[in-house]
Amino acid sequence: MPTLFESFQSRAQAVSAEVHRLSTRAEALEFILDLVRSLEGDRIQPSFAVWAACPFLDGLDTAALTERAPGLAFQVTRGSASTATVGISQMDLGLADTGTLVQNATAVEQRLVSTLPSVHIAIVATEAIVPDLGAALSRFYAKDGKDPSKQQSAASPPPYLSFITGPSRTADIERVLTIGVHGPERLIIVCVDELCLNGLGGGQ
Amino acid sequence: MSSTFKQSIDEAVHNSNLTGALGRFSEAYREGRAKAYEGVDFEAVRTRIAEIKGGAAAHLDELADEFKQNAEARGAKVFRASSPEQVKDYILKLAKSHGVELIVKSKSMASEEIHLNKHLEAQGIHVAETDLGEWIIQLAGQRPSHMVMPAIHLTREEVAEIFSKEVNERLSSDIPRLVKIARRELREKFLNAGMGISGANIAVAETGTLVIVTNEGNARLVTTLPKIHVAIVGLEKLVPRFADVAPILTALPRSATGQLLTSYVTMISGPAPNTDGSLKDLHIILMDSHRTEMAGDGKFQQALQCIRCGSCLNVCPVYRLVGGHVFSKVYMGGIGTILTAWFDALKESDDMQSLCIQCGNCKEVCPGKIDIPDLILELRRRLTKDNGQSPKERAIFAVVNNRRVFHAMLRSASLLQKPFEKDGFIRHLPLFLSGMADFRSLPAIAGKPFRDVFPTIDQSEVGRTSRSARGLQAPQQTSPEQAFPERALESPRGSGEPPHQCTDRAAFFAGCLIDFAYPEMGQAVVKVLNKAGIEVAFPDEQTCCGAPARYSGAYEVAAKNASDNITALLKQDVRWVVSACPTCTVALKHEFAATFESLGRTGEIARAEELAAKVVDFSTLVRTLVEEGRLKLKSGVDLGTLTYHDSCHMKRTLRVDRQPRELLQFAGYDLVEMKESDMCCGMGGSYSLKMPEISAPILERKLVNIEATGAPLVAMDCPGCAMQIRGGLDKKGSAVRVRHTAELIADMVE
């Protein structure tokens, strides 16, 4: 039996997502900064990459990060996201059986960074990979809101819940699969072992 | 059938872009779908969906109230609209009051159903479709040709042409480049639009949640960037619980496009923040527009279990040939015919329903477990009731319903056809009849029908001969052996005496084609059964099984046929009623009771069921006889290769496909499977006469698949398919021979 991560990885790759696994937050951070710089090349401009607030960034000095990757911005607005090439955000769950990322995207910046730029870097805790859709749905809603086995369940699903499986795609012209219509043309998933389900590790 | 309809069919089947794209897609779809469902119990998933959506359809009003309450508690505004006009007025008023000049839309069938764009554009509000296919269609001023892939009928060159005009720039037909152009053009519109309109794939009552499924990501932008979001939701999208989303999302992408999940699924439960910090102005319109009416119809309520995946289109042999435009309505294909009859008007579905060949492919794959072919038949029945039959049909059925006249006419036809007949085929018919034969040769009507051949068959060697083999003289008394045939079988045989072989009796139901065109198939059946120690009766009063009448909507005629046959066959003291025609078998086994039920003649159902219990198709019975050791096939003979064609009724109603294959392999044939062996051959009974322009290309595809196997022989269990395929091969000058399984087995019984 493949592990949840292995299944997630092969499913996600099958729909053209790129999957990377790193053990610590520090390693993941270096990986992401390298990635941004490599994508940036000589095209350095403010808000080349926009990073939406997330537990991964907790306690990090974002100004120092911008110094290391000059186009990186943490102020996500309609304007900055629509001119950015890269969007970065942290997702809540992964689904092993479809290679899907799940995120409570009620905060609008979470949606802006994953819809408007052409590259989306999605961070997810390796531990947050659950078997399937049914498991994910019960994390976000259980009828009485206090299902003891699922502590994440709430009395109401979040106003905006996003499921992302691979990059944006279409086959509307001659059934030819083409990546990157309205959303990102590259989805780079960074799985981090050190992170826990809802944020940084160590706290649970 | 209107002449413009016939003309649109003609245009479609001659549009090679369309038939090529649809044909390729439908072949790829079959594999893609199967792969996507690997490891998923499709039957379990669709049973769950049918329960959820069937239950919802029975409580639309309560669910709509519950949805409204819960969505409003979360800050959405919910408007329940009974008519399309109310929906259009609501949106127009909303747009005007907010000064909206540009609206971006993600795909919504409900909005197409009510022709929303036209209404808004007429009031000076610009509406941009943002699904790539929909946008192409909008720019081209056309209508979608597929529910999931609206522009599947257009080539890349045509799309390049359309885009070039829009952007005033000469574009090449490079697809990724064209997609980039669409991204650039539509991105501007997303950022500037004052309102976003979407549909929804699911609406959850207990949480007021909308579920929206897309691949391109346009729905995420439509629901994020403009400050107003309007979702138009047909009432049939309602489900009670949040957990009900899982089975529907398991099936929808797999059935629609062979994906495990679409790139994006968005679940909206109340307004989320806009980019300026305000909350979304979220309006949800629950649209009835005849859905409640449909739910109130006992027969059609199940159509609301549809999840709009379009799989009924993708597997349809007719749709993949003609595409969506021939349907000339918003909804197309099998389910589209049914929805049009309700959302539009019954008579509007008249042309569309005539396209259905009743092959049953759609029923097999429907994730909502809707019996689409049956519902189309019901439409046909209601239309026939409303409009009456055409004079031609009335004349035909008057004859079919009078057994004596019908049989006399078929006999005299065998004489009249002489001038046109050659080698047992009719290749050219005079005048208007020629349309029936010009894509295939028709069988000559046999000089001596099976009913005249039967009395000449010597069955004296079969078991005891105390009774006449003639059905007409069957004894009224039941002997213990007849009442308990299993026990009779076990009775010991004395060693010195002549074998005391106890005999089972079976009545043979020939059906019109075997009786009048292929009596040799009937002879083969009798020979095989005799060899197994089964005496065959042929009740002379048997008549047409009623399938042609039923499939034309003439249920009264079908009921008369049923009633005559039940009387004739139940008079017989037999263990089985055997047929070598799957269509007849289905009629006898399943449809007699259904026809009576549709007509409210419930008193006759019990007798229909009594008959049904005895009915069995040739291959199933003979496979059992071989297994029980009652019938032996010659062994050790290498008969070479053959391929097998599955008849629609055999495979999908009777669920028989293994038995004839095994029999033929036991007999010594090497089976080579053809591509799409269970795809309809285009016969469909009288369909091939009414729709020769569709029947012919469907047959052509079948012939290509048969010939591609290289086998010199194709076997099948249906005389109708044999007529179509044999006629097609003859016309083509092909050397491939066509045989009924019964004929091939009859050659090999010991």
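A: Helices (H or I, at least four residues) and strands (E, at least two) are DSSP runs, numbered from the N terminus. This is a predicted model, in which local features need pLDDT of at least 70 and side-chain atom pairs count only at pLDDT 80 or more, while totals for chains, interfaces and linings use all residues. Residues are numbered from 1 along each chain as its sequence is written, and chains are lettered from A and ligands numbered from 1 in the order in which they are written.

Chain A has six helices and 12 strands. Buried residues (20 or more other C-beta atoms within 10 Å of their own, with C-beta atoms placed from the backbone) make up 52% of its 204 residues.

The contact (C-beta atoms, placed from the backbone, within 7 Å) takes 41 residues from chain A and 53 residues from chain B. On the side of chain A, two or more residues each come from α4 (78-83), α5 (108-115), α6 (133-140), β9 (160-164) and β10 (169-170). The largest share, five residues, belongs to β9(A). By type, this side divides into 17 nonpolar, 16 polar and eight charged residues. Here Ala, Val, Leu, Ile, Met, Phe, Trp, Tyr, Cys and Pro count as nonpolar, Asp, Glu, Lys and Arg as charged, and the others, Gly among them, as polar.

Conventions: A residue is buried if 20 or more other C-beta atoms lie within 10 Å of its own, exposed if 12 or fewer, and partly exposed in between; C-beta atoms are placed from the backbone. Two residues are in contact if their C-beta atoms, placed from the backbone, lie within 7 Å.
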